[in-house]
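Subject: Structure handover

Hello,

Here is the structure you will be working with. Please open it first, then read my notes below.

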Amino acid sequence: MRVYRVKDYDEMSKKAATILAAQIVSGPEKALGLATGSTPAGAYRYLCKWYQEGILDFSEIRTMNLDEYRGISREDSQSYYYFMKENLFGHVNIKEENTFIPDGEREDADAVCREYEALIQSTGGVGLQLLGLGRNGHIGFNEPSDSFIKECHCVSLALSTIEANKRFFENAEDVPRQAYTMGIGTIMSAEKILLLASGEEKADALSRMLGGPITPRVPASILQLHRDVTVIADEAALSKI
Ligand code: F6R
């Protein structure tokens, strides 16, 4: 595992965007695995800028997002579909039909997850998976639990995640209680993983991920077993190492 220590959020974002850009330039064969939330938004801003400057071309790129809230429509401004449109897809020349996100509007959880897992595997898997880190150590929406769940599944969000994500909603009651997410096995099957962490509120989770035992109580700790992980974290996130 390579760990890059950077000064702050902007430096993290620029370095992450450089790695994502290299993956985009290296070819469209494998999908780019994407994440939502505050952490990757800065990296997406750099990618949009480099596209506008003519440096990057997204026309052949395929993307697979990690997760989506269950029970909200794509048009809902809190959906991850909407987030991706606002933060990346709406600003670059990616083809809509090449972007994949679990369909949060569909109620049939088993079918949504089974189809999303099959889609990822049947199209050759993910080349580079971008990840943020939950304050409780989650990746995707794989919450701390008694066992690692391998494939895409429907998850009930931990109270700490609802608490952390309520900043994006008017009230905590509006935060969806469930989400569809890639499983730990789905994430681990990516060829390369790029995890970003910024801010003091990630320090605990990051130190447990990097130095603690591998346990489903800290889902990100499984990344210690992946052969190609790059972590870019700022000083605040690394303050407990
Ligand atoms: C988002 C995702 C989550 C976030 C994590 C951190 O697609 O899968 O695991 O990466 O909750 O969220 P932020 O970046 O908002 O702190």
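Let's start with one pair of residues. In strand 3, Thr 63 is the bridge partner of Leu 32. Keep in mind that this is a predicted model.

That pair belongs to a wider pattern. Strand 2 covers residues 31-34, and strand 3 covers residues 63-65. The two strands pair in the parallel sense, over three bridges.

Now zoom out to the whole chain. The protein chain has seven helices and 10 strands. Its radius of gyration is 17 Å, close to the 18 Å that the globule rule gives for 241 residues, so the chain is as compact as a globular protein of that length. The C-alpha trace spans about 45 × 45 × 35 Å along its principal axes. Of the 241 residues, 40% count as buried. Among contacts with a separation of 6 or more, 79% join residues 24 or more positions apart.

Next, the annotated site. An unreviewed UniProt entry lists Asp 67, Asn 136, His 138 and Glu 143 under "active site". I looked at two of these residues.

Asn 136 lies in the loop between strand 6 (126-131) and strand 7 (153-156). Is Asn 136 buried or exposed? Asn 136 is buried, because 20 other C-beta atoms lie within 10 Å, and 20 or more is the cut-off for buried. Leaving aside neighbours within four places in sequence, its contacts include Pro 144, Ala 158, Ser 160 and Ala 205. Glu 143 is in contact with Asn 136 as well.

Glu 143 also lies in the loop between strand 6 and strand 7. Glu 143 counts as buried because it has 23 C-beta neighbours inside 10 Å. With neighbours within four places in sequence left out, its contacts include His 138, Val 155, Leu 157 and Thr 161.

Last, the ligand. How many residues surround the ligand? There are 14, and the closest are Thr 36, Gly 37, Ser 38, Thr 39 and Gly 132. By class, the shell has five nonpolar, eight polar and one charged residues.

Best wishes

How values were computed. Residues are numbered from 1 along each chain as its sequence is written. This is a predicted model: local features need pLDDT of at least 70, side-chain atom pairs count only at pLDDT 80 or more; totals for chains, interfaces and linings use all residues. UniProt positions are given in the numbering used here, feature names are shortened, and annotations may be inferred rather than shown by experiment. Helices (H or I, at least four residues) and strands (E, at least two) are DSSP runs, numbered from the N terminus. A residue is buried if 20 or more other C-beta atoms lie within 10 Å of its own, exposed if 12 or fewer, and partly exposed in between; C-beta atoms are placed from the backbone. Two residues are in contact if their C-beta atoms, placed from the backbone, lie within 7 Å. A residue is near a molecule or strand if its C-beta atom, placed from the backbone, lies within 6 Å of it. Ala, Val, Leu, Ile, Met, Phe, Trp, Tyr, Cys and Pro count as nonpolar, Asp, Glu, Lys and Arg as charged, and the others, Gly among them, as polar. Two strands pair if DSSP finds at least two bridges between them. The radius of gyration is taken over C-alpha atoms; the globule rule is 2.2 Å times the number of residues to the power 0.38.
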